[in-house]
Amino acid sequence: MREKVCPQEWREKISQILEGGQLTVLVGAIDSGKTTFATFLVNEMIKRGFSCAVVDADVGQASIGPPGVISLGYPSLPVEELSQIPLASFYFVGAISPQGHLLPCVVGTKKMVEEARKNPLDHIIVDTTGLVHGGVGRVLKSYKLELLQPDTVVFFQRKGELEDLIRLWEERALVLRMPIPPEVGQKSSSCRFRYREEKWRRYFENSLRHRLPFREVVFSRLPLFLGTPLEENKKEELSCRLGKKILWAEVLPGGHQGVVVTEEALEEREILELGARLNVQGRLFHCHPSFFIGRIVGLMDKKGKALALGIVKEVNFQEGIISLLSPLREIHEVKEIQWGSYRLPVPELLKGDPL
């Protein structure tokens, strides 16, 4: 790492952090130097003979794992960038922004810290997202800190932002204010997009195509394939009455929610009519088959441990099979598929089977 992006003020705080306890959380806005400082901190710890782990909680500009996950790595040697730390484990969020996904971001960070603590480590560093402004940012950081209960919190400031959070945590932990080096520039949105795209390419570059029958896995995080599928004759009857082919329909347990998939658009009155005929007491979720294509999913084992990510290539409702691309070599351990909300803007990954 270049020395010029490590100001003297950073170096002066190292001893305090090393003596402050096991868990250190870095908090700051976008392009405030958190990841640069995390790299510097990792290298200083390793040089001084300390063992450490890094929890990368930045789902949008991920360093250790691919975007859309909260990742965990155990550096054993000094690194130029956090991306050189091998991915050891991850929690699937399925989005590239915490907005609208606060709960999985907070839960995932906590779970990765707990995973790290299973090992006899001297230090754990948590690198958070840059979402700190506004109500959403404040809620995210407040609850994340409350759940993690860190020993040290390092706040990166440009104009005195986060002072109310700093005052709160000054009574609970070692709190350090860090200057932001002038060398830390601000990245454009297009630069951030290209960075994510390259991370996706690297993660999926040696993917295989896998086919999984619906009945062999459990789906979660969306109300899909969780209920009782509509019988074929009933589906045909409703298709004729509607004048539009129904590819898939199901009613979730209790009848409070249902799902219908059609290639043609449905008007609101048609959705209401279908809901009534299916005895759905609440919302009937309607989508087009394209809703699934390109969506990232988390592939989990029977205990809920993340095995790999996948990209949905096709959902064949007639055969009851989901087809996806994943770097996972063997698919037999996958027992749960977690739906993500993000669809990859990398069409070449979906044009053919990589292998």
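View 1. Gln149 is partly exposed, at a relative accessible area of 45%. Partly exposed lies between buried, under 20% relative accessible area, and exposed, over 50%, using a 1.4 Å probe and protein chains only. The model is predicted: local features need pLDDT of at least 70, side-chain atom pairs count only at pLDDT 80 or more, and totals for chains, interfaces and linings use all residues. Residues are numbered from 1 along each chain as its sequence is written, and side-chain values use heavy atoms, with hydrogens and water left out. The loop that holds Gln149 runs between α4 (134–148) and β6. Helices (H or I, at least four residues) and strands (E, at least two) are DSSP runs, numbered from the N terminus. Phi of Gln149 is positive, about 50°, although the residue is not a glycine. Most residues other than glycine have a negative phi.

**View 2. Phe225, a buried residue with positive phi.** Phe225 sits in the loop between β9 (218–220) and β10 (228–229). Its phi is near 60°, a positive value in a residue other than glycine. Phe225 counts as buried, at 12% relative accessibility.

**View 3. The seven-strand sheet.** The sheet is open, with the order β4-β3-β2-β5-β1-β6-β7 and mixed pairing. Two strands pair if DSSP finds at least two bridges between them. The edges are β4 (87–92) and β7; each has a single partner strand, so one side of each is left without a neighbour in the sheet. Neighbouring strands are turned by 20° against each other on average, direction ignored. Strand β3 (residues 69–73) pairs with β4 in the antiparallel sense, over five bridges. Val69 has Phe92 in β4 as its bridge partner. Helix α2 packs on this sheet and touches β1, β2, β5, β6 and β7. The direction of α2 makes about 170° with that of β5. Axes are lines fitted to C-alpha atoms, for helices over the stretch in contact, and angles run from 0 to 180 degrees between N-to-C directions. Contact means heavy atoms within 4.5 Å.

**View 4. Strand β5 and its two partners.** Five of the five residues of β5 are buried. On one side these are His123, Ile125 and Asp127; on the other they are Ile124 and Val126. In a regular strand the side chains alternate between the two faces of the sheet. β1 runs parallel to β5, joined by four bridges. Thr24 stands opposite Ile125 in that strand. β2 also pairs with β5 in the parallel sense, over five bridges. Ile125 is the bridge partner of Val54.

**View 5. Helix α2, largely enclosed.** Of the 14 residues of α2, 11 are buried, so the helix is largely enclosed by the rest of the structure. Among the buried residues are Phe37, Phe40, Leu41, Asn43 and Glu44. Their cover includes α1 (8–19), β1 (23–28), β2 (52–56), β5 (123–127), β6 (152–157) and β7 (174–179). After α2 comes Gly49, with a positive phi near 85°.

**View 6. Where α1 crosses α2.** The two axes come within 11 Å and cross at roughly 60°. That makes α1 oblique to α2. Angles under 35 degrees count as roughly parallel, over 145 as roughly antiparallel, 65 to 115 as roughly perpendicular and the rest as oblique. The crossing is right-handed, the near helix being turned clockwise from the far one by less than a right angle. From α1, Trp10, Arg11, Ile14, Ile17 and Leu18 take part. They meet Thr36, Phe37, Phe40, Leu41, Glu44 and Met45 in α2.

View 7. Two antiparallel bridges pair β10 with strand β11 (residues 246–251). Thr228 stands opposite Val251 in β11. Phe285 lies in strand β13 (residues 283–287). The residue is buried, with a relative accessible area of 11%. Not counting residues up to four places away in sequence, Phe285 touches Leu224, Gly258, Val259, Val260 and Phe291.
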